[in-house]
Amino acid sequence: MKTPFTTKEKLEEIAAAYPTPFHIYDEKGIRENAAKVKEAFSWNKGFREYFAVKATPNPFILQILKEYGCGADCSSLTELQLSHACGFAGEEIMFSSNDTPDEEFVRANEMGAIINLDDITHIDDVKRLLGKLPETMSCRYNPGGVYEISNGIMDNPGDAKYGMTHDQLLSAYKRMKEEGVKQFGLHAFLVSNTVTNDYYPALAKTLFELAVEIKEKSGVSLNFINLSGGVGIAYHPDQKANDIAVIGEGVRKVYEEVLIPAGLGDIAIYTEMGRFMLGPYGALVTRAIHEKKTYKDYIGVDACAANLMRPAMYGAYHHITVMGKEDAECDHTYDVTGSLCENNDKFAIDRKLPEIQKGDLLFIHDTGAHGSSMGYNYNGRLWSSEILLKEDQSFTLIRRAQEPKDYFATLDCFPIWDKLSKEF
Ligand SMILES: *Cc1c(COP(=O)(O)O)cnc(C)c1O
């Protein structure tokens with residue numbers, strides 16, 4: 001059973017001010033969760049969560065998380081710019097990018113961000129661009145093969161484009177040490193959206209043992225280990241949500257078993273969660289505007305995959321609540337669709353739902369991370385607005401909806417611009 005974090009009345013009140021579709025965020029939920037994350041790792045002196053900006057690149061959200069001591073994990077120029085403008089600077093910014101353009105290394109370094117290298121050849125790139133290597137550097141590890149945690153939860157790092165091999169990693173640390181780097185980090189992201197409390201502890205064991213080996217073979221003592229993202233959320237009502245307190249304890253246990261006996265008890269633990277920090281605390285609110293009956297029953301809504309790409313892109317499940325019909329029987333079977341000229345533009349396929357009438361508001365759960373941020377403009381569809389539902393139940397616009405003038409702005413170099421701008 002999944003319950004929306006707000007009511008139909010509140011959503012109708014918001015929709016009267018800001019038309020559907022919109023993404024809405026629950027400030028109370030975000031704050032409570034951020035506090036729990038901080039608490040779960042408080043045993044580690046240097047702990048910091050670097051929020052993965054790509055999940056929800058909104059300044060209001062970033063500033064809330066900053067209050068809980070979070071830093072910003074960026075992987076592009078605009079994410080760096082946004083984070084810097086939100087007041088993150090120096091070691092509060094982690095630059096975990098891959099296939100990185102020159103300009104972005106330079107900009108990250110100007111901000112004092114920690115550069116996390118995806119590849120061994122990037123050592124030369126950074127040296128060429130900055131004259132010398134920064135005092136603090138981190139490396140991303142990819143163990144290859146298959147990484148298995150428990151209960152069949154696994155992924156294929158061997159097929160992933162990210163990170164360095166074991167041997168490259170050891171050479172990278174030796175080289176960086178010779179080049180005068182003073183502080184070192186290790187990073188890995190091996191499995192995505194893990195709905196288990198075992199992932200971080202398993203990853204921690206892998207990385208902590210590697211830290212001991214790095215110390216022995218290259219003489220480098222790591223200053224931090226970055227467990228990155230991958231802590232999942234229960235998108236499906238049958239799934240059991242992760243418990244961050246249990247996860248934090250699991251990591252502590254491995255820390256005490258592996259690092260402390262090896263004399264590496266000063267290592268700071270970093271995380272780079274996006275989904276776990278925001279996913280459940282956002283929803284896409286959309287209105288049913290059509291019902292169509294052909295070989296199947298379709299409900300057409302005013303949002304489309306351009307507002308939430310995950311179902312179309314990965315076949316991802318997002319739970320749907322029909323507002324005001326929370327207790328009604330789910331005795332109808334619908335495909336819930338958007339308007340894109342793409343048949344994968346469906347928020348749900350053969351979903352059991354209560355009978356839906358035109359005008360009903362649908363609450364599409366768990367869009368707080370990788371939701372609005374994955375928006376795009378295919379079919380000329382425009383980005384929807386973002387609303388923050390505050391703790392006192394008032395609401396505020398934190399991103400306005402895109403308008404045609406925004407969509408066309410990049411055509412202002414053409415003579416047609418004069419005619420076009422008369423259209424809006
Ligand atoms: C996407 C990403 C994250 C966040 O992943 P989540 O699954 O949202 O926690 C963290 N670090 C890096 C480098 C990423 O690419």
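**View 1. The salt bridge between Glu391 and Arg31.** In this predicted model, Glu391 and Arg31 form a salt bridge in which the closest N and O atoms lie 3.6 Å apart.

**View 2. Elements on the side of domain 1 that touches domain 2.** Two or more residues of this side are given by each of helix H2 (27–40), helix H3 (59–66) and helix H10 (275–278). H2 supplies the largest share of the side of domain 1 that touches domain 2, namely six residues. By residue class, the side of domain 1 that touches domain 2 divides into 13 nonpolar, seven polar and five charged residues.

View 3. The contact between the domains involves 25 residues of domain 1 and 21 residues of domain 2. About 2000 Å² is buried between domain 1 and domain 2, with 59% of that area on carbon and sulfur atoms. Within domain 1, the residues that lose the most area to domain 2 are Glu27, Tyr235 and Gly279, which together account for 31% of what that side buries.

**View 4. The two domains of the chain.** The domain assignment divides the chain into domain 1, covering residues 27–279, and domain 2, covering residues 280–411. Taken over C-alpha atoms, the centres of domain 1 and domain 2 are separated by 32 Å.

Note on methods: Residues numbered from 1 in each chain as written. Predicted model: local features only at pLDDT ≥ 70, side-chain atom pairs only at ≥ 80, totals over all residues. Heavy atoms only, no water. Domains from an automatic or database assignment. Contact = heavy atoms within 4.5 Å. Buried area = accessible area lost by both parts, 1.4 Å probe. Salt bridge = Lys/Arg side-chain N within 4 Å of Asp/Glu carboxyl O. Helix = DSSP H or I, 4+ residues; strand = E, 2+ residues; numbered from the N terminus. Nonpolar A, V, L, I, M, F, W, Y, C, P; charged D, E, K, R; others polar.
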